[in-house]
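Biologist: I'm new to this one. Can you show me the model and walk me through its pockets?
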Amino acid sequence: MDLDQPTVPLTGDVRMPLLGFGTWQATGNAGYDAVLAALDAGYRHIDTATMYGNEKEVGRAIAESGVRREDLFITTKLPPDRVGRERETIEASLAALDTDHVDLWLIHWPPSSPADSIPVWREMLAARDENLARAVGVSNYSISQIDELIQATEETPAVNQIRWSPSLYDRQVHAAHRDRGVVLEGYSPFKTSDLSDPVLVRIAQAHDVSPAQVVLRWHIDHEIVVIPKSVTPDRIRANADVFGFSLTAEEMRDIDALGH
């Protein structure tokens, strides 16, 4: 993998880029164009899901981008209503993405019946052991739900993808993931942020960047994976342009303090 970008180690020998490109709601040709623009802008981590209905477009963009598969990190997710059909679902994802493995496969939401929780996790682990996914994890799980999986299987999810932003910052949640060796991955970084907040505006001006770029850099400096999504080429490029500055310890603390 191209290591120009900061990465975080996952279980095994897998490294996950801290900046990824989210594709929720990016479907059809718009989704294809967005992923192509993201790869062109330098993203090497693409996040999709069965539920998004765009794996085929994502796969086509990857194939046509000219970027080598080994330089990419691809995530997809298992919908909770596919309990008992995990193998069939990952095979369909791989066929649509036109690859023989994903780098990360997540359970998109905890299954509606808690009794299904451990069996689904065992199926995820089986897919990993068969090299269909290099790492497996969860999304939208609480710490207690993660602990349940670890206690039952002695296998820790590599990643938990949850809503995250400065205004949602919770030091205890962050620490609880770190203590368990689970990488925290944040989605919807802007949806829950007030980009006109004076703290973000002041820090953005100090670095000659936008408040949105400050929010992304804040994740990266915390070693929290972040996956902004956009279908606008200019915005896609700006969101990728966050490696030319970093935040001071004081700026990090000021942004952390936006959390309630």
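Biologist: Start with the second largest pocket. By class, what is in its lining?
Modeller: This is a predicted model. The lining of the second largest pocket has 6 nonpolar, 4 polar and 2 charged residues.
Biologist: Which residues line that pocket?
Modeller: Among them are V8 and P9, then H174, H177 and R178. V182, V183 and L184 also line the second largest pocket, as do H222, E223 and I224.
Biologist: Which elements give two or more residues to it?
Modeller: Those are β1 (7-9), α6 (171-180) and β9 (183-187). The most comes from α6, with 3 residues.
Biologist: And what volume does this pocket have?
Modeller: About 200 Å³.
Biologist: OK, what about the largest pocket? What is its volume?
Modeller: The largest pocket comes out at about 400 Å³. Of its 21 lining residues, W24, Y187, S188, K191 and K229 are the closest to the centre.
Biologist: How does that lining split by class?
Modeller: There are 9 nonpolar, 7 polar and 5 charged residues.
Biologist: New topic. Where does UniProt place the feature "binding site"?
Modeller: The UniProt record, an unreviewed entry, places it at H108. H108 sits in the loop between β6 (102-107) and α4 (117-129).
Biologist: Is H108 buried or exposed?
Modeller: Buried, because its relative accessible area is 6%, and the cut-off for buried is under 20%.

Notes. Residues are numbered from 1 along each chain as its sequence is written. This is a predicted model: local features need pLDDT of at least 70, side-chain atom pairs count only at pLDDT 80 or more; totals for chains, interfaces and linings use all residues. Side-chain values use heavy atoms; hydrogens and water are left out. On a 1 Å grid over the protein atoms alone, a cavity is a set of points where a 1.4 Å probe fits but cannot get out, and a pocket is an open set with protein on both sides within 12 Å along at least five of seven lines; lining residues have an atom within 4 Å of a point. Grid points are joined across faces, edges and corners, and a volume is the space filled by probe spheres set on the points. Ala, Val, Leu, Ile, Met, Phe, Trp, Tyr, Cys and Pro count as nonpolar, Asp, Glu, Lys and Arg as charged, and the others, Gly among them, as polar. Helices (H or I, at least four residues) and strands (E, at least two) are DSSP runs, numbered from the N terminus. UniProt positions are given in the numbering used here, feature names are shortened, and annotations may be inferred rather than shown by experiment. Buried means under 20% relative accessible area, exposed over 50%, partly exposed in between (1.4 Å probe, protein chains only).
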